[in-house]
Amino acid sequence: EPQARTERPTGAVSRPPAPTPGLPRAADGTDVHACHDGSCEILLTRRTKIPLDSRFGFKTFSFDPADSTWRYSYPGGGSGRLKWLAPPYSGSWAGPTARQQLVMTVVASDGSRAVISLRPGR
């Protein structure tokens, strides 16, 4: 007796894509302008300047997801970079003329993209 064979029609059944590590959804998407008041959660895919209110004491402020580094310059000159080396990848910082600290957190990163969170500190 011949064996019964079941064949699937080609293309009728699709396989689910292989799982890939994902990042959590950023509350403010990719809108860097949501950060002006020091309160946002955004997705960055490249080094990005983040416009901040002057009360935080920075002339320029940016984050690079490739090396998880915050970069900044001060209104009176000088600049620097900062990287949190251990979980929870969060801390606060402010420029020398700041009236308010800024809490900076790397929520998640995959080496080329990152979700970051900013919030005013004390």
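**Salt bridges, a charged patch and the sheet**

Let me begin with Asp-110, which is partly exposed, its relative accessible area being 35%. Please keep in mind that this is a predicted model. The side chain of Asp-110 meets that of Arg-113 in a salt bridge, at 2.8 Å from N to O. Arg-113 is itself partly exposed, at 28% relative accessible area.

How many salt bridges does a search of the whole structure find? The search finds three. Another of them links Asp-67 and Arg-71, with 2.9 Å between the closest N and O atoms. Here Asp-67 is partly exposed, at 26%, whereas Arg-71 is buried, with a relative accessible area of 13%. There is also a salt bridge between the side chains of Asp-53 and Arg-55, at 3.9 Å from N to O. Arg-55 counts as partly exposed, at 22% relative accessibility.

I turn now to the surface. Arg-47, Lys-49, Lys-59 and Arg-81 form a positive patch there. Of these residues, Arg-81 lies in strand E5 and is exposed, with a relative accessible area of 59%.

That strand brings us to the sheet. Four strands make up an open sheet, ordered E2-E3-E4-E5, with antiparallel pairing. Strands E2 (48–49) and E5 (79–82) are at the edges and have a single partner strand each, so one side of each lacks a neighbour in the sheet. Further in, strand E3, residues 60–64, is joined by five bridges to strand E4, residues 69–73. Within this pair, Asp-64 stands opposite Thr-69 of E4.

Thank you for your attention.

Key
Residues are numbered from 1 along each chain as its sequence is written. This is a predicted model: local features need pLDDT of at least 70, side-chain atom pairs count only at pLDDT 80 or more; totals for chains, interfaces and linings use all residues. Side-chain values use heavy atoms; hydrogens and water are left out. Two strands pair if DSSP finds at least two bridges between them. Helices (H or I, at least four residues) and strands (E, at least two) are DSSP runs, numbered from the N terminus. Patches are made of residues with over 30% relative accessible area and no salt bridge: like charges are joined within 9 Å, nonpolar side chains (Val, Leu, Ile, Met, Phe, Trp, Tyr) within 5 Å. Accessible areas come from the Shrake-Rupley method with a 1.4 Å probe; for residues, only the protein chains shown count as cover. A salt bridge is a side-chain nitrogen of Lys or Arg within 4 Å of a carboxyl oxygen of Asp or Glu. Lys and Arg count as positive and Asp and Glu as negative; His and the chain ends are not counted. The place of a charge is taken as NZ of Lys, CZ of Arg, CG of Asp or CD of Glu. Buried means under 20% relative accessible area, exposed over 50%, partly exposed in between (1.4 Å probe, protein chains only).
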